[in-house]
Amino acid sequence: MTSLSLFVSRCLKIFLRIDGLPLEFTITHPEEKLISTEGVSLSHVNFLQFEARGNRDVTLTFHDAQFVVAIGGWGNTKSTLYIRELVYPPDDEYNGSLLSSSEYKQFWMSWNSFQVYVGLGNVRGNGVILYGESQCPIKVIDATFASNFGGTLDYRLNQAG
């Protein structure tokens, strides 16, 4: 490898780490991970792509925007989106198994001023499973990644934009 290409390669790796991504971590309830503590800022983005591996209970809480996403809850049978208040019924619900303890599953989320989308895969707009609308403007400043009921999850945050 030439010295110029080595230099460019090192700069690219440093650039990717400056915004905190990619980021891998494991959570066991009751632990949580506030992603800003890892150098990832969501204050100027509206898209997040991540992967999760585990039996159940991917739980993402978005701060200031006040919305909560639960993927693979209820024993990996249901996923929900709550906007503003964490009270039943949820703003949207998906019934079906989405998580695996043996392989990472890909998910994406996007939000704008009044809408939240959650989908399968890594392409924004494809495979939407949850959708909700807020009566108040949505402004995300940070997010907490967690699990519930003693569960352990492996997370990979791949992209924020």
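**Aromatic pairs and strand pairing in a predicted model**

Good morning. The structure holds nine aromatic pairs; rings of Phe, Tyr and Trp, the last by its six-membered ring, pair if their centres lie within 6.5 Å, and planes under 30 degrees apart count as stacked, over 60 as edge-to-face and the rest as tilted. This is a predicted model, in which local features need pLDDT of at least 70 and side-chain atom pairs count only at pLDDT 80 or more, while totals for chains, interfaces and linings use all residues. Residues are numbered from 1 along each chain as its sequence is written, and side-chain values use heavy atoms, with hydrogens and water left out.

A pair of aromatic rings is described by the distance of the centres and the angle of the planes. For Phe 25 and Phe 145, the centres are 5.8 Å apart and the planes stand at 90 degrees, so this pair is edge-to-face. Because Phe 25 belongs to strand 1 (residues 23-28) and Phe 145 to strand 11, the pair ties together parts 120 residues apart in sequence. Phe 25 counts as buried at 8% relative accessibility, and Phe 145 counts as buried at 0%. Here buried means under 20% relative accessible area, exposed over 50% and partly exposed in between, with a 1.4 Å probe and protein chains only.

Phe 25 also forms a tilted aromatic pair with Tyr 155, at 5.2 Å centre to centre and 35 degrees between the planes. Since Tyr 155 lies in strand 12 (residues 152-160) and Phe 25 in strand 1, this pair ties together parts 130 residues apart in sequence. Tyr 155 is likewise buried, at 0% relative accessibility. Ring pairs link Phe 25, Phe 50, Phe 107, Phe 145 and Tyr 155 into a cluster.

Let me stay with strand 11. Thr 144 has its place in this strand, residues 142-146, and is buried, with a relative accessible area of 8%. Which side chain does the side chain of Thr 144 join in a polar contact? The partner is His 63, at 2.5 Å; a polar contact is a pair of N or O atoms within 3.5 Å, and within protein one must be able to donate a hydrogen and the other to accept it, while residues adjacent in sequence count only if both atoms are side-chain atoms. Leaving aside neighbours within four places in sequence, Thr 144 is in contact (heavy atoms within 4.5 Å) with residues including Glu 32, Leu 34, Leu 60 and His 63.

I turn to the strands. The chain comes to two helices and twelve strands, where helices (H or I, at least four residues) and strands (E, at least two) are DSSP runs numbered from the N terminus. An open sheet of six strands has the order 2-11-4-5-6-7, with antiparallel pairing; two strands pair if DSSP finds at least two bridges between them. At its edges are strand 2 (32-34) and strand 7 (92-95), each pairing on one side only. Within the sheet, strand 5 (residues 67-72) and strand 6 (residues 78-83) pair in the antiparallel sense over four bridges, and Val 69 stands opposite Leu 81 in strand 6.

Gly 96 is found in the loop between strand 7 and strand 8 (105-111). Its C-alpha is 7.3 Å from that of Asn 76, with the two residues 20 apart in sequence.

Finally, the chain as a whole. Buried residues make up 42% of its 161 residues. Among contacts between residues at least 6 apart in sequence, 59% join residues at least 24 apart.
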